[in-house]
Amino acid sequence: YKDKMMKPGVKPNIIHEVLAKLEERGLINCIITQNIDGLHSEAGSKNVVELHGNGNKFYCVNCFTSHNVSHYLESNKCKICGGIVRPDIVLYNECVKYDNGEDAFNAVYEADKIIVLGSTLSVPTVANLVRMFINHKVDFSPDDLFIINKGRTWFDGFATTFDEDLEDVFKKIKSCGK
């Protein structure tokens with residue numbers, strides 16, 4: 001994890017910043033992200049569901065004590081019980097934490113519209129959230145689901161789609177909202 005996935009010094013980009021502004025203005029109620037970088041919160045978004053956890057948080061697998069990144073970089077041993085300290089993320093073949101899944105489910109269930117950004121929707125957890133939204137929404141139409149993704153997704157036939165680069169789209173959005 002330290003060698004391959006930790007990216008110190010990475011900062012929020014225009015996408016994170018514009019989403020935070022849209023939330024601040026009341027145009028977005030919740031961001032559900034598969035990203036583990038914590039950049040949505042760092043950019044100022046308040047209601048963020050980190051479906052796959054946060055790679056900047058760490059805990060002991062034995063006693064569940066939280067540890068900070070500096071401790072993790074020094075040692076992967078718990079300072080309380082000596083157990084293994086690991087990142088608080090969902091690794092391959094692991095389940096999403098119950099609270100994160102429940103928060104995502106509730107946000108989707110309450111949503112009037114959904115915008116999917118930069119995802120092929122091939123991860124089952126996220127695909128199931130979109131499927132649930134389509135199935136439960138009374139009078140669902142493609143105007144309720146927007147997908148902005150460079151390339152096709154499994155749900156294009158159910159959505160209003162934009163086959164565009166996210167950064168280009170968010171530059172346009174930012175220029176409109178000055």
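The model is predicted, so local features need pLDDT of at least 70 and side-chain atom pairs count only at pLDDT 80 or more, while totals for chains, interfaces and linings use all residues. Residues are numbered from 1 along each chain as its sequence is written, and side-chain values use heavy atoms, leaving out hydrogens and water.

Rings of Phe, Tyr and Trp (its six-membered ring) pair if their centres lie within 6.5 Å; planes under 30 degrees apart count as stacked, over 60 as edge-to-face and the rest as tilted. Seven aromatic pairs are counted by this rule. One of them, F58 with Y72, is stacked, at 4.3 Å centre to centre and 15° between the planes. Because F58 belongs to strand β3 (residues 53-60) and Y72 to helix α3 (residues 69-74), the pair ties together parts that are 14 residues apart in sequence; helices (H or I, at least four residues) and strands (E, at least two) are DSSP runs, numbered from the N terminus. Both F58 and Y72 are buried, where buried means under 20% relative accessible area, exposed over 50% and partly exposed in between (1.4 Å probe, protein chains only). Ring pairs also link Y1 with F58 and Y72 into a cluster.

T153 sits in the loop between β7 (145-148) and β8 (160-162) and is buried, its relative accessible area being 10%. Its side chain joins that of D156 through a polar contact of 2.6 Å. Such a contact is a pair of N or O atoms within 3.5 Å; within protein, one must be able to donate a hydrogen and the other to accept it, and residues adjacent in sequence count only if both atoms are side-chain atoms.
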